[in-house]
2 protein chains.
Amino acid sequence: MYKELDTSVCTLMSPGPVEVEPRVLRAMCTPILGQFDPEFTEIMNETMAMLRAVFQTKNQWAFPIDGTSRAGIEAVLGSIIEAGDRVLVPIYGRFGQLLTEIAERYGADVVNIETEWGQVFDPQVVIQEMQRVKPKIVAIVHGETSTGCMQPLKEIGEACRAMDILFVVDAVATLGGTAVKVDEWKIDAAIGGTQKCLSVPSGMAPITFNSRVEALLLARKRIERGLVEPGKYKDNQNRMIRSNYFDLSQLMDYWSAARLNHHTEATSMLYALREGLRIVLEEGLEQRFRRHALHEEALTQGLQAMGLKLYGNSECKLPVVTSVSIPEGIEGEAIRSMLLKDFQIEIASSFGPLKGKIWRIGTMGYSCRKKNILHVLGALEAALIRYGAKIHIGRAVQAALDVYHSPESN
Amino acid sequence: MYKELDTSVCTLMSPGPVEVEPRVLRAMCTPILGQFDPEFTEIMNETMAMLRAVFQTKNQWAFPIDGTSRAGIEAVLGSIIEAGDRVLVPIYGRFGQLLTEIAERYGADVVNIETEWGQVFDPQVVIQEMQRVKPKIVAIVHGETSTGCMQPLKEIGEACRAMDILFVVDAVATLGGTAVKVDEWKIDAAIGGTQKCLSVPSGMAPITFNSRVEALLLARKRIERGLVEPGKYKDNQNRMIRSNYFDLSQLMDYWSAARLNHHTEATSMLYALREGLRIVLEEGLEQRFRRHALHEEALTQGLQAMGLKLYGNSECKLPVVTSVSIPEGIEGEAIRSMLLKDFQIEIASSFGPLKGKIWRIGTMGYSCRKKNILHVLGALEAALIRYGAKIHIGRAVQAALDVYHSPESN
């Protein structure tokens, strides 16, 4: 027979999944309620209210999709894209490719512009392309974990609004770790992640969208058979949303007073998300973003003191992911493997053109704390010494401590 | 600010979600591992092996979809249906309508046959329709929780195999509570539920499929952009699976040695599923089905002793759901509300033509135990007395105790 679950407790410093907040783990132990119990629907409403605060939006619609982050992306893109719609996706890493992939599967006519990995777009370049392509939708990644870069969004959002283009943002990596200002940046729909800066396990994808998106959804709405009175069944065959599970027009009825039956809400994951959001709001968004920036500073100072080079343009660095060039002559996977096996620390490799070239270290949510930063720096140094890398020995942890002990940090 | 989660502890006797096994709740508290940590991929493999045992199959492919039950249904139907495919869906309740709905959204030419609610199909009627319609797929519900009926599948499965039709079964309500013999009944793909007889929270959908389905998936396979070397990108535009998230051909690469990046597995939910399956196998399938049958017997004897009438054809009764006709002159929702508010017991109403006509009481998984059966019978009797229903007072709990105290029960 299979033995009782008895796993190692690891230090998770990849760009997700990261360590789960202990309070979130405990919240998942709560015995469940029925899905239409008023006590439970109140928990649904509270979660929506907290999501609005974290997304910095007044949107009515802010709720999780019951699936992992890409489920949230697919729910948003799949519910607004109709076959033949033109979608502009600027790509600066692997997750821009994913947006392209999903949009194509829903029949979009996707136009890509690409920039070198390690860089982001000058907003004017995107805006010029918008003027040329005249898309219905612009979809872009806010924080590219594959490269460790972050795209400025405000100018693009304002241009989208002026041109009546829907602006969809993948904020999976950034939500809860650095500012995602949905209303101020004129984002029409955004998708967050749970297993990154919210420090909730993977399995839910918080989304938000505004009344511009809502209007489009209502025009495509088709309540499913079996839930409408015979005769009131609206076919809407031509424009109906292609997925039932990801049909945001039906999910609006589930996440509002109508409480129309759709799926059975993932109770324990909702408890987890609620607790994760509660922790974020108790800490306070600004304080939380400052904490993330502090530990990023300690990490990057430590890595550079060791003699390692950060990858990518520092002006567009994603504050919650640090990409490090693997030193000449060192096999990246050997170091990663030693970190996991000997030190029980996980850091990440990367994808596509960056495979074997960089490591990626996350500073996200509960994983983003002094204990972990000092541990990862010390262990990485030891592993590099073990493999004969030419580094400055003994400096990394000291440089990080300098950051922590400086007067501004306290 | 929002207060700490502090919910009532309810007796959940609807046909799902039901009470979660305490061991499953505790398993979810386990700190998480990274998704490609060998310790974690071993947990993935163990979960697959246990799912095979519960589905009674030798299929290689048995894994959860990260979403609720209907996500599993959509993953299976959406991955095998191509636009214009003919799909036969026999309907005997609300969830047959859901299969129809999902198949239609993926472009199927759906043919329905319907039978009166409270009945199931004579397999010969379905087989005759298969001969007339010549579908590519037959999709049917095994246990209809909306009515409390269960469809015999073996003859239909054998006929499908003989006619080279793919046989897809929604076993969401039955898996883990009564036999679902995937191989013996010639089921090509089946979908189970977590929040019902497995007593795991909602949020995952175990599925299994055989090599006949695999062959079709491989013909439609398209690995997503960003994961293949440039030049090796296979367009497969015409036949590609419409959803990225539900693309079983990519999920096969995720749930096998290839471990190709797709989503980030929902770690804590996988821990929950693993523990739920472990409990099922420790109890033993046959013993577990006998336990479910025993408590069903106690419940139905109790209800009938009270003078209530069971709804539906008793010959096709679903052993894990009991439908009860609401007595003349009684408002069903008033009783349900009293049960929830005063007794903290949840039972269910129903859908469509049965709305207001029946209550549905689940005997599923961890909720299916003597304490709960006696509690629900006593409380229902008290609520009915309170509302002036003409019932036989004092007999229901006694009749259930007779079942529990009979020599055969021990």
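Guide: Helix α3 (residues 69–80) of chain B packs against helix α7 (residues 211–220) of chain B at an angle of about 65°. Their axes are 9 Å apart. Axes here are lines fitted to C-alpha atoms, for helices over the stretch in contact, and angles run from 0 to 180 degrees between N-to-C directions. Helices are DSSP runs of H or I, at least four residues, and strands are runs of E, at least two, numbered from the N terminus.

α3(B) brings B:G78, B:S79 and B:I80 to the contact (heavy atoms within 4.5 Å). α7(B) answers with B:V213, B:L216, B:L217 and B:R220. By class, that makes 4 nonpolar, 2 polar and 1 charged residues. Ala, Val, Leu, Ile, Met, Phe, Trp, Tyr, Cys and Pro count as nonpolar, Asp, Glu, Lys and Arg as charged, and the others, Gly among them, as polar.

All of this is a predicted model: local features need pLDDT of at least 70, side-chain atom pairs count only at pLDDT 80 or more, and totals for chains, interfaces and linings use all residues. Residues are numbered from 1 along each chain as its sequence is written, chains are lettered from A and ligands numbered from 1 in the order in which they are written, and side-chain values use heavy atoms, with hydrogens and water left out.

Stay in chain B. Just after α6(B), B:D164 takes a positive phi of about 60°.

Now a strand. B:I91 lies in β3 (residues 86–91) of chain B. B:I91 is buried, at a relative accessible area of 2%. B:I113 is 22 residues away in sequence, yet the two C-alpha atoms are 6.1 Å apart. Leaving aside neighbours within four places in sequence, the contacts of B:I91 include B:G96, B:T100, B:I113 and B:F121.

Last, chain A. Helices α10 (residues 285–305) and α13 (residues 396–405) pack at about 150°, with axes 7 Å apart. They are therefore roughly antiparallel (over 145 degrees). Residues making this contact include A:L294, A:A298 and A:A305 of α10(A), and A:A396, A:V403 and A:Y404 of α13(A). By class, the contact has 8 nonpolar, 3 polar and 1 charged residues.

Definitions and conventions: Angles under 35 degrees count as roughly parallel, over 145 as roughly antiparallel, 65 to 115 as roughly perpendicular and the rest as oblique. Buried means under 20% relative accessible area, exposed over 50%, partly exposed in between (1.4 Å probe, protein chains only).
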